[in-house]
Amino acid sequence: HVFRHRISPCSARGLHSRSSRTNRPRHRAVVLCAAVLAIRSPSEVEYGIWAPPSLEERTHTSDSLTTLQKGGLDLLTPEQIAEREHLAERNRRRGQEAAEEVEQQKFDRLVERKMSHLLPPRLEGEDATPCVASTKFHGKALFDYKGTSWMAPPAGAAVREEGDTEHHTCYVPKKCVHRFTGHNKGVHRIRLFPKTGHLLLSGGLDGKCKVWSLETKQVMRTYIGHTAAVRDVAFHSSGNTFLSASFDRFIRLWNTETGEVVNTFTNRRVPYVVKFYPKDEQYFVVGCSDNKIVTYDVKSGEITQEYNHHLAPVNAIVFVDDTGGANPSMKMVTSSDDKQVLVWEWDIGVPIKYISDPTMHSMPVMTLHPSGMYVVCQSLDNQIVVYQAGDRFTLQRKKKFMGHQVAGYACDVACSPDGQFVVSGDGDGKVNFWDWRRHKMLQKYRGHDNGPSIGCVWHPTEPSTVLTCGWDGVIKMWQ
């Protein structure tokens, strides 16, 4: 039966003619093998050519394309065609964005290769989230019997406006009068409450920020929101909020009074310095490890501008109010590890002035003189240099302050409110004072042990109060 349907008579006669009688058993075996190979499924043995489809045929049919899949778009409605085009464009953009993100990550690793042993692991993926923030209040009560917040300045506290150099006469402090302890590791940056200075903000290498009361000499609140060391902190001009930038690549905006996190920012780069824009503090700028300065909107959290002309990580930013120049405006002065100082117009991504010289060294810290006429810079060749702040931004070659060792450390530098003295820490843990006009070192104190005296601030209203911090975890008050 099988032989009749699968092998034609001609083929059978040819087979018989080519076979001899002695090979008839072998011939039958060949015919049977051919018949078995021609059978596609066991059901064909019973039904012949009218057998139902085999498993292979059913699988092939189910995998075949439909008329629409083969391109029969004429059967689709215009809405379906538009939806398909939209999905195709969306998938194309997603693939392009993913490829660009991979290329950007490769470029970032290339940029950071020289300091990779100093930086924490880079965040991977879009869902990288910061740690859960918490806070702890250490004072007696959040409000007194009058309903006044713990943040309010004490009764009768003096207020000094920015740039007022005739508010009071300052003097060089003579001794350490108090030690603030509470950080588990070193303290990297300290900042005083604007205008009154009755509160002190500190950022530590333990990833915590603390606010201290200078009146009661105790810590008032601790802010825990980073998994790595805090690199910089900055108060809002009202003091109600402050920024903390950490090596975990996150920047957080805190409510000073309640300890709540108002917003969290990141561009997956290490932030080295943060500053509020003085004329509109809805914006702040960040100097990053990818050689850029970026501007953030406080409310939306979006990046509104990028300044990308440095060739190395940006270390310092200072704003200069150039109202007396040819083009009155707020200038932004930045310095970087590329040993250049750039001057920018606000919200314009191209610098208006390059300051670069073969004899220059990296200047990791810059501050504005209280008169607003000079920018004081800590240079890593163990001296403090001064630039004129204004239309020219020229180096004041005769105004240098030397005698301390800061090579390798970003030691802070500060000026007295009346502009008569300059104070700076150094890599040996000492605190140094100079006379502004005579450029002479007036005093040197042993400040901190087991590391540099990294931060210093001069009190805005008290004439001879200076605060310093070091990597020994201690904050000292000098008077």
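Colleague: What should I know about the numbering and the rules before we start?

Modeller: Residues are numbered from 1 along each chain as its sequence is written, and side-chain values use heavy atoms, with hydrogens and water left out. Since this is a predicted model, local features need pLDDT of at least 70 and side-chain atom pairs count only at pLDDT 80 or more, while totals for chains, interfaces and linings use all residues.

Colleague: What is the average pLDDT of the protein, and where does the pLDDT fall below 50?

Modeller: pLDDT is the predictor's confidence in each residue, from 0 to 100. The protein averages 83, and 82% of the residues score at least 70. Over residues 1-23 the pLDDT is below 50, and this stretch has 13 contacts beyond near neighbours in sequence; a contact means heavy atoms within 4.5 Å. Residues 29-38 also stay under 50, with six contacts beyond four places in sequence.

Colleague: Why is the pair of F265 and Y296 called tilted?

Modeller: A pair of aromatic rings is described by the distance of the centres and the angle of the planes. Rings of Phe, Tyr and Trp (its six-membered ring) pair if their centres lie within 6.5 Å; planes under 30 degrees apart count as stacked, over 60 as edge-to-face and the rest as tilted. The centres of F265 and Y296 are 5.4 Å apart and their planes lie at 55°, so the pair is tilted. It links distant parts of the chain: F265 is in strand β10 (residues 261-265) and Y296 in strand β13 (residues 293-297), 31 residues apart. Helices (H or I, at least four residues) and strands (E, at least two) are DSSP runs, numbered from the N terminus. By the ring rule, the count comes to 24 aromatic pairs, and F193, Y223, F235, F242 and W254 form one cluster.

Colleague: How do you know that the charged end of K399 sits over the ring of W436?

Modeller: The rule asks for NZ of Lys or CZ of Arg within 6 Å of the ring centre and within 35 degrees of the ring normal. The charged end of K399 is 4.6 Å from the centre of the W436 ring and counts as sitting over that ring.

Colleague: Why is R249 called buried, and what is K195 called?

Modeller: Buried means under 20% relative accessible area, exposed over 50%, and partly exposed in between (1.4 Å probe, protein chains only). R249 has 2% relative accessibility, so R249 counts as buried. K195, at 40%, is therefore partly exposed. K195 lies in the loop between β3 and β4 (199-204), and R249 in the loop between β8 (241-246) and β9 (251-255). Phi is near 75° for K195 and near 75° for R249, a positive value in a residue other than glycine.

Colleague: What makes G239 buried, and which residues does G239 touch?

Modeller: G239 has 0% relative accessibility, so G239 counts as buried. Its place is in the loop between β7 and β8. Not counting residues up to four places away in sequence, G239 touches M151, F193, P194 and T256. The C-alpha atoms of G239 and L192, 47 residues apart along the chain, are separated by 9.4 Å.

Colleague: How much of the protein counts as buried?

Modeller: Of the 479 residues, 46% count as buried. Both F265 and Y296 are among them.
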